[in-house]
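Let's take a walk through this structure together. Keep the sequence and the 3D view open as you read.

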Amino acid sequence: MEQIVLKGLSKQYNHRWVIEDINQSFSCNDSYAFVGHNGCGKSTLLRLISGLTIPTGGSVEYSRLFRFSYVPEKFKPTALTGRAYLKRMCEIDRVEKKTSDQKTEKLAEDFFLSEMLDVPMKNLSKGTLQKIGVLQALIQEPDILLLDEPLSGQDQESQKVFIQKINALRDCGTTIFMSCHEKKIIDALANRIYTIEDKKLLPYTDLQKQQCTLYLVPKEKTIHAWENMKRYGAGYTLCTEEEKSQEVIVKLLTEGWILKGMYDENSQYGEI
Amino acid sequence: MKTVSMVKYELQIYFKGSSFIMPLVVTACYLYIMYSMKPLFVLSGYLLSGIFLFFLMVWIAMTAVQREDEVMEQILYLKMNSAGKYYLGKALFLICIALLYVILCIFFPVFQNAVNGGDMFIRKITGADLLNAFVILTGSAICGSCTGNLLHSRVMKDRRLAFILTVLICIMAIVQTSVIRKVPVLKFIMWIFPPVMLPSQIYRNADFFDVRHSVSLFLIFFLYALCYAVIKSILCYRNRF
């Protein structure tokens, strides 16, 4: 079975251990997400897996030579236009000339980028530039795709397309490794989730109970707010555990509150 | 094939940017000043161009390193899927730039001579002169590019120190002959510096190029360039990103 094995993997930067003695094997054709607070070593682990960074201790062993693609967190502009850059990347990826133009056009169209392809990259917005960064990685099907906060600055529609494309790659056998903070993306793309705590790689278990926030407006002024409600515009917000939310809502409606909205506390985007 | 595509990409980025303008202006100024007087010796003109090209390529290679963005290099490195091909691509890119300047430095005097009625030099420039000059200038320029690239940002993170050390290497390359003449024992250390003045020493009193000398000079320059490129590539590979 094809796999990547981390053996006693450690990395030190400026005399500070970022990760220490990680032993883990990753089967191919699966998708993995690394979560954790900023600076815990997620991106470092991605780079170590791909061989971009050399470990201070231990090793990464591959069952064969894999072809990697990488979507960085911050894609930098070059002096070229998006089209010229992607054309060169197609050449390096050995995409046939006949198909490279079609592929580029199709991907650009999917990501709502067609009109921006002939604009010099240095004149593009952060989100558009990030899309070019995604396109260069999707031009050729890689064996392993590394995603380092891939959707920073992208619009909702492009995020949906991105999720579709990555899931299609998963179906074709591409292994995904990603470092991500966004629950929505992790839910949509990852099979297995790990976190880095105290320099160790651990399976991620969501110990926090799922919280949701209710946005409420009283029907009448005589209705009194609950102790744990917080003033929010014309109404109040109430944070509650998702499991108990059903009965809390029933109680609130009976008291005469109007439920205006409900938000997933753990998601940046999720209106549920 | 991947390496050729990478070189094309690097060249396109280089010429789309503005970092090629200053070296080109400096070369134009050098050539204009150098070939604005007459009569000139054919050999000394070309040998001086060899020294000029060495330093020009040190400069170009250093600015090329500064221009590199780590994230974009990571993408490129993974796409190449081979450290060897990646570093070969980097070296070939600089060699292509070097060849462009070599051609400019070889044919400008020919053009200038033709425009000025063919009496710019004390003797007629022959095809053999051009061929010999091409060999020596190419060697010198390639050696310069590898010297400028030696202290890459992944070899030496402190860019100021890297700049100072590169300047020091260049100075030592110029003065090594006189230093060795005064303190012969230093020849055991001085050999590590590129022999940029060697062509002038060999052709000190000559009026014509000698193919054997020119080829030897090219091989010596190429050997130095190869050593510097291998050392740089190994150190970059060990440090990576």
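The paragraphs below go from chain A as a whole to one of its strands, then to the interface, and end with some individual residues.

This is a predicted model, in which local features need pLDDT of at least 70, side-chain atom pairs count only at pLDDT 80 or more, and totals for chains, interfaces and linings use all residues. Residues are numbered from 1 along each chain as its sequence is written, chains are lettered from A and ligands numbered from 1 in the order in which they are written, and side-chain values use heavy atoms, with hydrogens and water left out.

You will find seven helices and 13 strands in chain A; helices (H or I, at least four residues) and strands (E, at least two) are DSSP runs, numbered from the N terminus. Of the 272 residues of chain A, 50% count as buried, where buried means under 20% relative accessible area, exposed over 50% and partly exposed in between, using a 1.4 Å probe and protein chains only. Contact here means heavy atoms within 4.5 Å. Among contacts in chain A between residues at least 6 apart in sequence, 69% join residues at least 24 apart.

Now zoom in on strand 7 of chain A, residues 175-179. Five of its five residues are buried, so strand 7 of chain A is largely enclosed by the rest of the structure. In a regular strand the side chains alternate between the two faces of the sheet. Here both faces are covered: A:Thr175, A:Phe177 and A:Ser179 are buried on one side, and A:Ile176 and A:Met178 are buried on the other.

What does strand 7 of chain A pair with in the parallel sense over four bridges? The partner is strand 3 of chain A, residues 31-35; two strands pair if DSSP finds at least two bridges between them. In this pairing, A:Ser31 has A:Ile176 as its bridge partner. Strand 6 of chain A (residues 144-148) also runs parallel to strand 7 of chain A, joined to it by five bridges, and A:Leu146 stands opposite A:Phe177. Together, strand 6, helix 5 (residues 156-171) and strand 7 of chain A make a right-handed β-α-β unit. Right-handed means that, with the strands pointing away from the viewer, the path from the first strand over the helix to the second runs clockwise.

Next, turn to where the two chains meet. In chain A, 29 residues are in contact with 26 residues of chain B. The area buried between the chains is about 2,500 Å², of which carbon and sulfur atoms give 64%; buried area is the accessible area (1.4 Å probe) that two parts lose on being put together, summed over both. Three salt bridges are found across this interface, a salt bridge being a side-chain nitrogen of Lys or Arg within 4 Å of a carboxyl oxygen of Asp or Glu. B:Lys8 forms a salt bridge with A:Glu91, with the closest N and O atoms 4.0 Å apart. Which elements of chain A each supply at least two residues of the side that touches chain B? They are helix 1 (42-50), strand 5 (68-71) and helix 2 (82-92) of chain A. The largest share, six residues, comes from helix 2 of chain A.

In chain B, have a look at B:Thr147, placed in helix 6 (residues 127-150). B:Thr147 is buried, with a relative accessible area of 1%. A polar atom of its side chain lies 2.7 Å from the backbone oxygen of B:Cys143. Leaving aside neighbours within four places in sequence, B:Thr147 is in contact with residues including B:Phe54, B:Ile169 and B:Tyr228.

Finally, some backbone details. Most residues other than glycine have a negative phi, and most peptide bonds are trans. A:His15 has a positive phi, near 65°, and lies in the loop between strand 1 (3-13) and strand 2 (16-27) of chain A. At 78% relative accessibility, A:His15 counts as exposed. A:Phe112 has a positive phi of about 55° and sits in the loop between helix 3 (97-110) and helix 4 (126-138) of chain A. A:Phe112 is partly exposed, with a relative accessible area of 48%. In chain B, a cis peptide bond with omega about 0° joins B:Lys38 and B:Pro39. B:Pro39 is found in the loop between helix 2 (21-34) and helix 3 (42-67) of chain B.

Key:
A polar contact is a pair of N or O atoms within 3.5 Å; within protein, one must be able to donate a hydrogen and the other to accept it, and residues adjacent in sequence count only if both atoms are side-chain atoms.
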